[in-house]
Amino acid sequence: MYPHDDIHDHLTGLPGRESILTHLDEDIPKALALININGFGDINQLYGQKFGDKVLQEVAFFLRHNLDLDNYCLYKMPGDEFAITTDLDKTVLYNMLMKLIYRFDSYKFKIDTHTLYLSVTAGLSCSSGPSMLEHAKQALKWAKESKRPLAYMRETLVNGCGLGKCHEMLENIKFALEYDKVYPLFQPIYCNRTSKVLKYEALMRIDIGKEKTLSPQDFLEFSKKARLYPQLTKRIIRKSLNAFENREESISINLSIEDIMSPDVSSYLFDEINAFKEPERIVIEITETEGIDNHDIVKDFVQQLKKHGVKIALDDFGSGYSNFSHLLDLNADIIKIDGSIIQRICSDAKSKILTKTIAGMAKEMGMRVVAEFVSDQGILEEVISLGIDESQGFHLGKPQRLI
């Protein structure tokens, strides 16, 4: 049942902007998404407003029948936008939106005598209260500017983030790059059989002066928007490999799909790998696998890494619908089970079953499994009993400087 469904958009019959504002005032959904029709102004100009109205009606019909959610509200916003609120987890909504966007791209809209292929861009917010709508608008704007199908706005990024705040963060990133204040911390990953450190994961940090350090959640979206992200990635690659040139342990470096798709970053990585004496001690952790939209490029990238002896790990495994298909597509050597699952294995039977299933499947496929977010002895003992090969978390070792 829609809240205040007496306030409707006359074209689509959906609740309108006033209804969603009332909903946000009175209730606190976990997530809100804004969906914008790309190039709608051109359609209006080319075919006329009446035709444009029919497009909006058809899009509303499509959304009603293609939202794979059990509990949601769909709204018609002003212009060419629609909104969705739901009490479901952001990861569920994010995955659903990606599937919806790809389905939208291939759908034939038949209006009068015309057949149209439309596309949409979405912005997702998971803050709280009335500010959710504004945050979703900012996420949508970022998605448009960066030419992504979907962007997600975290509350920590937008609280108090006006132009001044964005400018300040941009200056912080530039300062860190100019004065070489971008560096990795290294978190140990232990072998559960021998209790010895097998490898370290490199975690990016930047110093911005006055003894203040920022983590990626503070600056990552800003760096991508300002197109400084590739420079940050290259600094971490170089410093991590330099730190482990003469060590025995392996080094694990995170790469996003955006890194892999960047010719600049991928070329730099292979140059550094070629200069490294033992590339078989390098692990590349692929993050944000839900964002893969060009499997051929990613598969070719992975194949080239494997020719050098580099190992491939899938990060946050179990957190998305398409993880299992990526095992086959990307030929991973290592699975890192998502920390949200590991943290609950002592108290949630389903998490324990899922962990056991992943471990068994990985063993059959010749892959190693890492448990992330091992935060206490009870969790450690549980993951060992379930046959997990390696463990990582604050209980075993916090990120530290090695250089």
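1. Two strands count as paired if DSSP finds at least two bridges between them. In this predicted model, strand E1 (residues 31–37) and strand E6 (residues 120–125) pair in the antiparallel sense over 6 bridges. E1 also pairs with strand E3 (residues 81–86), again in the antiparallel sense and over 6 bridges.

2. Asparagine 36 illustrates both pairings. Its bridge partner in E3 is glutamate 81, and in E6 it stands opposite threonine 121.

3. E1 is mostly covered, with 7 of its 7 residues buried. Ala31, Ala33, Ile35 and Ile37 point one way from the strand, while Leu32, Leu34 and Asn36 point the other way. In a regular strand the side chains alternate between the two faces of the sheet.

4. The largest nonpolar core contains 61 residues, and Ile173, Ile206, Ile284, Ile286 and Leu305 have the most contacts inside it. Helix H9 (residues 229–243) gives the most to this core, contributing 5 residues. A second, separate core has 35 residues, among them Phe40, Val59, Met96 and Val120.

5. Which residues does isoleucine 284 contact, leaving aside neighbours within four places in sequence? They are Ile253, Leu255, Leu269, Leu305, Val310, Lys311, Ile312 and Ala313.

6. Helix H5 (residues 131–145) has 15 residues and spans 21 Å from its first C-alpha to its last, close to the 21 Å expected at 1.5 Å a residue. Buried residues in H5 are Met132, Leu133, His135, Ala136, Ala139, Leu140, Trp142 and Ala143. An α-helix has 3.6 residues a turn, so residues three or four places apart point the same way. Just after H5, lysine 147 takes a positive phi of about 60°.

Definitions and conventions
Residues numbered from 1 in each chain as written. Predicted model: local features only at pLDDT ≥ 70, side-chain atom pairs only at ≥ 80, totals over all residues. Heavy atoms only, no water. Helix = DSSP H or I, 4+ residues; strand = E, 2+ residues; numbered from the N terminus. Expected span 1.5 Å × (residues − 1). Buried < 20%, exposed > 50% of the residue type's maximum accessible area, 1.4 Å probe, protein only. Core = buried A, V, L, I, M, F, W, Y, C linked by side-chain atoms within 4.5 Å. Contact = heavy atoms within 4.5 Å.
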